Amino acid sequence: MAVAHQGSFMYSRTSLIARVSVAAFLAAAAVALPASAGPRDKAFFEQVTGSWQGKGEIVAGKYKGTKFACDLTGDTTPAKGAGIQLDGFCRVGVFKQPMSALITRSGGTYKGKFLDGAAGKGLDITSGQVNGNKVVVGINRQKLNGAMIARLEGDNKMNITISVKVEDKMVPVIGVSLDRNLDDIAVGSIK
């Protein structure tokens with residue numbers, strides 16, 4: 001299987017895309033949160049709950065042009081206080097990888113992990129800053145440092161860009177667009 005290489009940071013292409021896609025969803029879950037934790041944070045995470053589907057593409061590097069798709073479900077119940085638990089999968093062709101993640105508000109910033117965090121096979125979310133409908137979240141794993149920029153566009157669309165630090169500049173490597181799966185939303189009937 002092909003691997004992505006950044007210094008001593010190596011992953012299979014499917015695994016890398018899946019990990020970054022979940023991190024991207026977590027960043028998107030933090031979009032538009034106010035600077036202070038509280039009821040508004042919780043309300044926002046509740047708006048992000050539900051089923052999301054989307055496609056992404058690697059836009060730089062050895063695997064430029066590789067397309068992938070994700071099916072993810074967010075739920076605030078397992079998170080302590082303001083936050084979200086995410087489960088689902090991402091796939092490249094016939095390869096499918098299960099996903100799980102958790103993000104919570106910690107003081108004035110964001111903390112979280114997906115899969116089992118940087119100590120295992122995943123990534124840590126180490127920081128975050130919100131400005132309007134956009135959030136920039138710091139990600140880390142060993143020598144890899146990067147950021148995710150997520151923008152909420154209306155109630156049913158999120159656009160995400162994942163960048164990694166190469167020498168002294170941030171280089172966009174993955175773009176993802178997620179749409180809320182409206183088929184999974186319960187609706188009432190008129191009698």
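Which residues form a disulfide, and how far apart are their sulfur atoms? Here are some notes on that and a few other spots.

1. **Ground rules.** This is a predicted model, in which local features need pLDDT of at least 70, side-chain atom pairs count only at pLDDT 80 or more, and totals for chains, interfaces and linings use all residues. Residues are numbered from 1 along each chain as its sequence is written, and side-chain values use heavy atoms, with hydrogens and water left out.

2. **The disulfide.** Cys-70 and Cys-90 are the pair, with their sulfur atoms 2.2 Å apart; a disulfide here is a pair of cysteine sulfur atoms within 2.5 Å. The link joins distant parts of the chain, 20 residues apart: Cys-70 sits in strand 4 (residues 67–75) and Cys-90 in strand 5 (residues 83–92). A search of the whole structure finds one disulfide. The link of Cys-70 and Cys-90 is right-handed, with 110° about the S-S bond.

3. **Cover around the cysteines.** Cys-70 counts as buried because its relative accessibility is 2%, and Cys-90 is buried too, at 1%. Buried means under 20% relative accessible area, exposed over 50%, and partly exposed in between (1.4 Å probe, protein chains only).

4. **A buried arginine.** Do have a look at Arg-141 in strand 9 (residues 134–141). Arg-141 is buried yet has no salt bridge, and the nearest side chain of opposite charge, Asp-116, is 6.0 Å away. (A salt bridge needs a side-chain nitrogen of Lys or Arg within 4 Å of a carboxyl oxygen of Asp or Glu; Lys and Arg count as positive, Asp and Glu as negative, while His and the chain ends are not counted.) A polar atom of the Arg-141 side chain does lie 3.0 Å from the backbone oxygen of Ala-118, and one lies 3.1 Å from the backbone oxygen of Gly-122.

5. **Two positive phi values.** Gln-142, in the loop between strand 9 and strand 10 (144–152), is not a glycine but has a positive phi near 50°. Glu-167 is likewise not a glycine, and its phi is about 55°. Glu-167 lies in the loop between strand 11 (157–166) and strand 12 (169–180), and counts as exposed because its relative accessibility is 70%.

6. **The whole chain.** The secondary structure comes to two helices and twelve strands, taken as DSSP runs numbered from the N terminus (helices H or I, at least four residues; strands E, at least two). Along the sequence the pattern is β-β-α-α-β-β-β-β-β-β-β-β-β-β. Of the 191 residues, 47% count as buried.

How values were computed:
Polar contact = N/O pair within 3.5 Å; in protein donor to acceptor, adjacent residues only side chain to side chain.
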